[in-house]
Amino acid sequence: MNPRFSGKHSLPSYAAGESRETKWEHDISGLPAGDEARRPARMLSQRFSSWALPALLSLVLVVLTGPLTKSASAVKLRNADAIQDLAARADPPRQSDNYTEAVQWDNYTIFLNDQRMFLYFGEFHTWRLPVPDLWLDIFQKMAAAGLNGASVYTHWALTNPAPGVLDFDDWRALQPIYDAAKQAGLFITLRPGPYINAETTAGGIALWATSQVAGELRTNATDYHEAWTPYIKEVAASVIGNEVTDGGPILVVQIDNEYYQTPETGAYFEELEAAYRDAGIVIPLTYNDPGEGKNFVNGTGAVNIYGTDYYPQGFDCSNPAVWSPVGTNYHSYHETTNPSQPWYMPEFQGGSFDPWGGPGYNACETLTGPDFMDVFYKQNWAANVKLISFYMIYGGTSWGGLPYPGVYTSYDYGSPIRENRALSDKYDELKRQGLFLRSSPEFYKTDWVGDTDTTMPGVTVNGTEVYVTYLRNPDTGSGFFIARQANSSSLADITFNISVPTSAGMLSIPQTISSIALNGRQSKILVTDYSYGANSQVLYSTASILYAGAIGNRDVLFLYGDSDQASEVTLSLSGSGTRANASVASFSGDASNASLTTVTLLDGIKGVVTVFESDSQLVLYADSVTAATFWAPVIPSSTAASFNNYWQFGSNETVLVGGPYLVRNASISNGQLALRGDLNQSVMLTVVAPEDVSSVTWNGAEVQTASLTSTGGILTGSLEMSTSLSSISVPALTGWKYADSLPEVSTGYSDAEWTLADHTTTNIPGYVYGDGRILFGCDYGFCENIVLWRGHFNGTESTTSVNLTINGGQGFAGSVWLNGQFLDSTWSTADEQTTQVYNFPEGSVLIGQDNVITIIQDGQGNDEADDEKSPRGIPGYQLNTGNFTEWRVQGKFGGYTEYPDKVRGVLNEGGLYGERQGWHLPGFDTSNWTSQELSEGLPSGGAGVGFFVTTFDLSIPEDTDTLMSFQFDTTNQPYRALLFVNGWDYGKRVANIGPQTKFPVPQGILDYQGTNTVAVALWALEDEPVAPTLDLVVDDVIEGGVGPIAVNNPAWSPRVAS
């Protein structure tokens, strides 16, 4: 990824007669020599391209806020004559699950310890990043964006690999997830399934269960209940002591996922609910409905809090500039479905998965980019949604056998945090919205008053192309007007005016500028009667709010807007202060109310300006891009009994920091502000803090600072990055050793030790034709990845072909040999199986002797939803004359019951000869192998499978988070390749289908301070040469990170089934 903020901060300069406290502008000159290539990635969508700066210089504001729950003096009732029905009213009756009163809810929000919460969560699957020391990195990035929680799937198939076997060790452990989330200050929605979907094999259901369970999965079938019970009991046991009632991070637990309600499924839900309650879990149980199905709201299996998911752009990223419209029925659906509960979206589109042959995840990032988030996420707010989680915030990697057939290795998802853990442009919009929500408790309780399609009492909108929704806090009268284009996909620039009721009477806004602008796919929230800090009020604002709170003795308001648009705010200014220069803002009083001042913020503002500063108040304004360079880490409380580093529930102190790539956390002690975070560029640091803060440290090192004011409280310094991208060198991948990995096709090969495939019954549907023997790999213990089959028959002169149906799921491949002679390969991106006649070459059949058909078949994982029992294998087989005498099958070494590599787990390996021998593992001796460069392909120049292995050393500076990937050639060639890094199956390159050619691999899988082993299992699909290439590349270098990253890559040892 390109660095996000490349501009170097410099101390501000001031025009003659202009006070230093009034205006802080970003000097974009003086970019370090040689850094031209490190200019910022585009912060926002194309509508901002005309004003995006080539470099941004951000401020650092260190802020101590007042309590989020505002005092009576802060939240004043407005004039009752100005607005009807503004008297504060009692909250609706609260509900609970009758197991605890610590977590309650009403029709607006959920409550924790009697405080309203706006749930602003994001999805993260730790098993898609199997390096526990990096989980904190993702959680801290989520918290830094203003999120207050994470939605977390656990994975039945990974943790219950065989009947009676539970494996919650290493990266499958749950307690480290809870600990890392709590350290970052995030709550958790725990989603154990057993079915999770997640574009993972069988939707997360244990693969052995798809074969061994005779009853219908995901019902109250007795054998299915017996299958999932040990797993759910273990997960439930892990929750005890980690619920919010005990000071832990787990807020709610979800029952299964995306299902429909019948008597059988309802009974199944009741069984799951009983399992959690019997284990002692007291927090609410929730559900995620796939669309507007009204499942499990009432009746058998109903949950405590119902929610539904929405993916308005679907999952086709091939036309990323073309949008589907916003959903306009969300509010009415909630009101007619579960109006006594808060409006909950457990999954809302945070990106999209991409299929085999798709356009790639950069297109998905564009489709669901910052403009999508701006319009669609705020449309959710307009529907009065107060509990929401975005799927995904970080997608990660579907390594090994994790994916279901519809997706490839990368699960980047076009997320705000990309697969290599870099922050994308989308992250900026996520943070702008997150900090607004964190600053605006009056927004947590709002009534839906009306919208453009209904009526909005007292509201008049001038502009037919704009769509407005009106929300109002019934207690304080605060108004929130959410505006977007009526045609949500429109790229046109429009303007509008609006008349709204306020405590000062009806107002037509704006008053000093001509209109409010919406540039293309843009949404805005106009606030009225908005209170902040200890005792400050905004009558109305057309500018957006990034942050509002108290800083020591001052109330602070941080506004922002596009640099090519003017904004306007009317507010109370307190104290004798300094006002912004007329070149950026103008001030006018209200003749009817001397305490109010209207501030016109002119277009063209780039950087941050001080609008007003006094001893009791500070008002700042920035362009939208600069606003996104600010951070607000929570300053942990030293007195809170629990949740001491959680915003609202343990601490209401924060720091606003501009400049660094990331600020992970902050603390203040004895007048010193300690910041920890990351840099991708040398920057200037500016700190605004209470007067008792006189020094700053960055990652433990003191920063030389200077004061910008005579009274203190504003400090600046510089943060120097000592490591550059060009200074990190990685070796070329050369010196490859080669060995054949398909000896099974040779005529002399004995399969006597293979499993005899002689079942005549199965619980897996899909048998097509043959002699009655079932050839589904999972029935013989081989449920994932590559499986090999050998069919024996007595040859006759009339035996000339075989008809085979090979099933591997979308994107699969299969190759077929007869007595060592290659017949053909098959593959499909559209279908899960192919049926083909394989003709035997003249002279290839051994008359009167044993003949062997050898099939190598790649399993792409099991399907989801109702098709988890997927018929992977050979559903159909028939010689043109006669029958097969015997079938044998071989998958990964030991199958799912006795596989030896317990660290990497059940889904890491397949049935290739080299995998069964452990050739992919570090330490395997290849000294006697043939020297053959990977780019030379297989020595035969034809179809087959070979293993290539090499090693390389790394010595990466320890204080960096260096992002690396393996890059294959980008040509279309008929080959498939498995990429093993230190034994981990971390990539599947399918060169004749695509699209993935680049495979990020994190530290912890890579050893940054040692020797690494990379192995490529190359499968040539045709009788023609292939020439793959592979390079190790550095994507970016970030200074900082989360600290030491442990490596857990067990080395080769003689393989013995466990």
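I started at asparagine 803, which stands opposite valine 837 in β45. Strands here are DSSP runs of E, at least two residues long, and helices are runs of H or I of at least four, both numbered from the N terminus.

Before going on, I noted that this is a predicted model, where local features need pLDDT of at least 70, side-chain atom pairs count only at pLDDT 80 or more, and totals for chains, interfaces and linings use all residues. Residues are numbered from 1 along each chain as its sequence is written, and side-chain values use heavy atoms, with hydrogens and water left out.

**The sheet.** I looked up the partners next: β42 (residues 801–807) pairs with β45 in the antiparallel sense over seven bridges. Pairing takes at least two DSSP bridges between two strands. The open sheet has three strands in the order β45-β42-β47, paired antiparallel. At its edges I found β45 (833–839) and β47 (873–879), each pairing on one side only.

**Aspartate 562.** I then went to the loop between β23 (554–561) and β24 (567–572), where aspartate 562 is found. Is aspartate 562 buried or exposed? Aspartate 562 is buried, with a relative accessible area of 4%; buried means under 20%, exposed over 50%, partly exposed in between, using a 1.4 Å probe and protein chains only. I also noted a polar contact of 3.0 Å between the side chains of aspartate 562 and glutamine 522.

**The core.** Last, I checked the largest nonpolar core, which has 232 residues. Helix α5 (residues 222–239) gives the most to this core, with eight residues. Phe139 and Phe966 have the most contacts inside the core.

How values were computed
A nonpolar core is a set of buried Ala, Val, Leu, Ile, Met, Phe, Trp, Tyr and Cys residues joined through side-chain atoms within 4.5 Å. A polar contact is a pair of N or O atoms within 3.5 Å; within protein, one must be able to donate a hydrogen and the other to accept it, and residues adjacent in sequence count only if both atoms are side-chain atoms.
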